[in-house]
Amino acid sequence: MNKRAESVLLRASDLEQSAFWMPFTANRQFKKTPRLLARAEGMYYWTPEGRQVLDGTAGLWCVNAGHCRPKIVEAVQRQVATMDFAPTFQMGHPIAFEFAERLARIAPPGFSRVFFTNSGSESADTALKIALAYHRARGEGQRFRLIGRERGYHGVNFGGMAVGGLQANKRVFGPGVAGVDHIRHTHDPSRNAFSRGQPQHGAEFADELERMCALHDPSTIAAVIVEPVAGSAGVLVPPKGYLERLREICTRHGILLIFDEVITGFGRLGQPFASQRFGVIPDIFTTAKGLTNATVPMGAVFVRDTLYEAFMQGAEGIELFHGYTYSGHPLACAAGIATMDTYEEEGLLTRVGSFEKYWEDAAHSLKGTRHVVDIRNCGLIAAIELEPRQGAPGRRAYEAFVKAFEGGILIRVTGDIIALSPPLIVEKPQIDRLFGHVREVLETVP
Ligand SMILES: Cc1ncc(COP(=O)(O)O)c(C=O)c1O
């Protein structure tokens, strides 16, 4: 065990008094019975006690190339010793430009402009602001409405939270931003339970956008934002024809279509981006997570050239009054370039296609297992939905998560849904172990 891991172990006993207010965590529960990780490599974490844990979630859907990849680690080490920070407001540094070029190379044609942020949440808010500013730049400033979708997750900042469709956010933090509305989600278990890949039914859910246009007047709507595959709200795969129909309605009414690709970006669906997998191209798409293999926090918003050009008209001056101190941070760019090298050298952005069927079969082999009411999959993502325990929603899945961790597997749960999304380097025996262990856990959880 290394020294850092040891010191974490020593302090674990008094975590109950810890100063760390943990995000999206039941703090009191956790601090009584902590689950700590101290080291990571490839497909695995190790606890401070030295117990190996198979990473079934790529950290938080982000460590796409696996943990502590030497090329990325070395690039960050080199960069921090060369130039720790440099501003990108009216100044620049070469690797920010280089990284943007690298990203444009893997984006769909016509997306050669990239705006850097520091997280998925910032990417969402940046995309929404670009949409509003774009319409204003073209003399359509009356387009102020933003449309999201129920069960959508676009991070925790006010813009993304407002267009997101999570009840917990609405209840606690209120509506957030004026002029926001939501179309319905696409989950329809009565017709689509146990679908393999894209469900057959539900393209017509996109027609809700037409209803919204009729209600609000389409010339007041700036943008629609959706996750191509909704992740955090329980893995909702778009029904066949749904994204195509959304695209068609947006185009017809001059509304910008934004894809939130924070989870789906960088190979998770067997293509660099979900738009390439589904053949539906948005006007703006947001990324983060796999952008730097999560080694250094970073996000990036990809924008169609035509949008960028609209900003470059008129008198010279700051075209978009927006940015973050750490936009294009040197360490993040160094990590990102090395990440793209790793993805390219190992073919990771398209690797999933070669074993997606195996993954799908492994996931659906859990049909009939105790508590399981639905299984969904797309690319290297799978969701196993459990019947909620009466009077205690979420409890059964949470207990499964704890048991799985104790048995050496990291899974993720959201409500009563188990979501699996390992690093893209996963091998078949690890897939077997992942689903095999989840099956065992479900047989023992009450
Ligand atoms: C689709 C989507 N958008 C945005 C975010 C927010 O990203 P971050 O936590 O980096 O702010 C997430 C995080 O899981 C996400 O899944």
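The model is predicted, so local features need pLDDT of at least 70 and side-chain atom pairs count only at pLDDT 80 or more, while totals for chains, interfaces and linings use all residues. Residues are numbered from 1 along each chain as its sequence is written, and side-chain values use heavy atoms, without hydrogens and water.

**Positive phi**
- Phe24 has a phi near 45 degrees, positive although the residue is not glycine.
- Phe24 sits in the loop between helix H1 (3–12) and helix H2 (27–32); helices (H or I, at least four residues) and strands (E, at least two) are DSSP runs, numbered from the N terminus.
- Phe24 counts as exposed because its relative accessibility is 73% (buried is under 20% relative accessible area, exposed over 50%, partly exposed in between; 1.4 Å probe, protein chains only).
- For Phe194, also not glycine, phi is near 60 degrees.
- Phe194 lies in the loop between helix H9 (189–192) and helix H10 (208–216), and is partly exposed at 22% relative accessibility.

**Cavity**
- There is one cavity of 30 Å³ or more (on a 1 Å grid over the protein atoms alone, a set of points where a 1.4 Å probe fits but cannot get out; lining residues have an atom within 4 Å of a point).
- The volume of the largest cavity is about 110 Å³, taken as the space filled by probe spheres set on the points, with grid points joined across faces, edges and corners.
- Its lining has 15 residues, and His187, Asn192, Pro199, Val237 and Arg376 lie nearest the centre.
- H9 and strand E11 (372–378) each give two or more residues to this lining, and E11 provides the largest share, three residues.

Note on methods
On a 1 Å grid over the protein atoms alone, a cavity is a set of points where a 1.4 Å probe fits but cannot get out, and a pocket is an open set with protein on both sides within 12 Å along at least five of seven lines; lining residues have an atom within 4 Å of a point.
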